Amino acid sequence: MLKGLLVMSILPAQLVVGEMIGELSFDNRYFFNVGLQEQEKNHSSFSFSPEIFKDDSNRIFHFKAKLRRDSEDSGRNLNDIQELYLINIFEDKEIKFGVSKEFWGVTETSHRVDIVNQTDFTEGFDGEEKLGQPMIKISFERPWGLLDIYALLGFRERNFSGIKGRLRSPLSINEKNSLYSSSSKNKRVDFAFRWSNYYDNLDIAISHFSGTSREPRFLPSPNKINALVPLYEVIDQTGLEIQYLLDSLVIKGEVISRSGHGARFTAATYGFEYTQVGFLQTRMDLGWVVEFNHDDRLESSPFVLGTRFSFNDIYDSQILSGFIINDRSKELGFLLEASRRIGECCLLSLEGVYFDDTDEDNGKQKLFQAFMEDDFLRAEFIYYL
Amino acid sequence: MKGLSHLKNKQFTALVMAMILASITGNLFANKGLEIAILSDKNNDDFIDSSSSMTMNLINKRGEVVTRKLRFKRLEVPTDGDKSIAIFESPRDVKGVAILSYAHKVKADDQWLYLPALKRVKRIASKNKSGPFLGSEFSFEDFSFQEVEKYDYVYLKEEIYQEKPCYVVERKPLDPYSGYTKQLVWIDKENYLVQKIHHFDRKSFHLKTQLFKDYRKYEGFFWQPHEIEMINHQNGKRSILLFDDVKLKNGFTDRDFSQNSLKRSR
C-alpha cells in the first residue's frame, strides 16, 4: 500500500488528468440461521471504488482503489489499491510497472492456473475478486505468440473473514502471525511467465510461477487455542490452459502441477460451455457450463453445472444458476442469482445460496460442513458515478 | 468417368459442351448479383483503417428511447476479412467491455470478449451470432463485416428507392449459423452503396428492415453511412445507430487489434 502511494506521488501530475469514474456498492446478506459460532444473521457492507484511466496511445495510466466496510465482520474491511500502473508501449515490447491485476485461465467456475494476484477470500466463492499486486511485467507480441514475463514485487497475504464473519472456517485464522518459508517473508520477489497463442480454433497457454504461494497451508496457532496460522511457502507451479472451439461448443480445461506445498500435486478443472442462441424461438439465450474438478489433495472431485438465461433486453436482465455436486459425500450446493440494470446508472442483483447438508456421516470428506448454517439471501445495489 | 466410357467420343464431347454451356448461362444470371455485390464491396477497399464513435438509440413500441455509446476501430486486412474492436462506453455497468473480431472471408470469424472487472479476455464462439447486440434490434451478425464470399447472390430487378435507381439483389448466407435465410439488398446504381436490406428469418418471414442513411465521403473515396436504422417488424422496436468522429488513416497496426491490446483498453 505504502509503496503504491509512493509510486502515485512520483507520477507526473499531468498523467492524473484522465477520465475519472467510480462505483458505490451496497450489499446486504441475510442468513436464515445464527452462525455455528453465534454470528449475526444480518450483514451489510458498503464499498467505494474510484477509478482514473488515461490512454495516451503509447502510454497508459490506470488507478483503481477499493474501500469496503462491513457492519459485522472487520475481516471484510478492505483498503486496497487494485490498479496503479503505467504501461509504456515500445516498438518491440510493452512494459507495465505498478500495482495491477492479471487474469490467467480459461475455465468458468474454478481458476486453477490464475496465480499472479492474491484472492480476496471474503468476497464470494468463485475466487474472482482479487487484491492488487505490485509488479513489473514485460510483454512480447510475436508471430509465435504472446510472452508475458513478470517480476512480482512483494507479497499480499490472503484476507479471511474475522470471528464475527460468516462462511468461515470453524477455527479462527490468526492473520497477524502469518508464517513464511522464505526468510525474506512478504518482501520476496517472485517470478512468473506465461506464453499464450491461438491456432485457428485452438487456444493454448503455458505458464510457470516461482514464488510465495497465494494459497496458504494452516498450522495450529502456537499461542491461541482453536486458532490457525497461515503458512505461506515458496512453491513452483506450472500451468497449462487449453481451449477448443467446436462450432458453438467451447471445450476447455486447465491443469496445474505444484511443488513446495507439501508433496507435489496436480489439480485440474475441465469441461465445456455451450450457448443456445434464441432459446425456444425467443430473443433469450441460454448458456450452459459443465465443469469437473480434480485435486490430488482432496478425496472429492465436485462437479459444477451452471446455466445463464440472458434476456437480451435493454436492462441486460440475467438469471444465473449453479449446482455444485459432490458425489462422494452426497453434498449439494445451489446458487441462484438474478440481475438487471436500473436506469442508466445502476445495477441490482439478488442472490440466494443454499447448502444441502446431509447430517449423516458417511465417512467421506465434506466440503460444506463448515457452512451448514450459512444459507443466505443477498441483495446488491451498485451505483456508477 | 468410368460410367461414361460406353459413350462414343463424339457424344461425350457434345455432352461436355452442353454442360459447359449450361453452367455459363446459369452463371450469367447468378453473376450479375455477385458482380453488383463485388462492386459494392469495392467501396470498402483501401481505407486502411478507420475509427468512429457510435451512438445507438433503442426505441420501443411506445417511442421511449435508451441510449448506448460505443467506440469503434477497424483495420483493413488485404487478403482476409477486417479486424475490428468495439469498446462499450455506456451504460456504465458495461463501460470498458470490448469485443475484438477478426472477420474471415469463408471460415467463421474469430471473436474475443474483454471483461474489465475480471481483466479477462475470453474467446467466444462467433457462431452464436444471431443473438441481439447490446439488447438492440441489431444482431451480432448485422455488426460483422459482410464479406462477399459469405453469400450466394441472385440479381432480381431494378427499382427506384427514395428517388435513387437501385439494383435489388437477393443474397443467401452460406453459414448455417446465420439467423437469416435470405436478405434483399437495395444497392444504388450510381455509387453502389447499400441503401436498404430486408432480413428474412429462419421461417422466411420478413423480420427486419435495415436502412442506410446520410452517406458521407471521406478522403475522396470512402463512403460512410452516418445513420443506420434497424426496424423489427415482429416486436415493433427500432434501433438507430449514429456515427460520429469518423476518421481514416489513424495509423493503426495489427498490434492495436491483438488480444493483448484488449487488456490495455481499460
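This is a predicted model: local features need pLDDT of at least 70, side-chain atom pairs count only at pLDDT 80 or more; totals for chains, interfaces and linings use all residues.

Reply: In chain B, among contacts with a separation of 6 or more, residues 24 or more positions apart account for 43%.

Me: How many helices and strands does chain B have?
Reply: Chain B has 266 residues, and 33% of them are buried. Its secondary structure comes to three helices and 13 strands.

Me: Which residues have the most contacts inside the largest nonpolar core?
Reply: This core has 27 residues. Elements of chain B that give two or more residues to the core include β1 (49–59), β4 (98–102) and β5 (110–115). L262(B) touches Y114(B) and V121(B), among others. The residues with the most contacts inside the core are A98(B), L100(B), W112(B) and L262(B).

Me: In β8(B), which residue is the bridge partner of Y153(B)?
Reply: Strands β7 (residues 151–161) and β8 (residues 164–173) of chain B pair in the antiparallel sense over 10 bridges. They form a hairpin with two residues between them, and Q162(B) in the turn has a positive phi of about 50 degrees. The bridge partner of Y153(B) in β8(B) is R171(B).

Me: How many charged residues are on the side of chain A that touches chain B?
Reply: In the contact between the chains, 30 residues of chain A meet 23 residues of chain B. On the chain A side, β6 (133–142) and β14 (234–246) each supply at least two residues. By class, that side has 12 nonpolar and six polar residues, and the number of charged residues is 12.

Methods
Residues are numbered from 1 along each chain as its sequence is written. Chains are lettered from A and ligands numbered from 1 in the order in which they are written. Two residues are in contact if their C-beta atoms, placed from the backbone, lie within 7 Å. Helices (H or I, at least four residues) and strands (E, at least two) are DSSP runs, numbered from the N terminus. Ala, Val, Leu, Ile, Met, Phe, Trp, Tyr, Cys and Pro count as nonpolar, Asp, Glu, Lys and Arg as charged, and the others, Gly among them, as polar. Two strands pair if DSSP finds at least two bridges between them. A nonpolar core is a set of buried Ala, Val, Leu, Ile, Met, Phe, Trp, Tyr and Cys residues joined through C-beta atoms within 7 Å. A residue is buried if 20 or more other C-beta atoms lie within 10 Å of its own, exposed if 12 or fewer, and partly exposed in between; C-beta atoms are placed from the backbone. Lists of a residue's contacts leave out its neighbours within four places in sequence.
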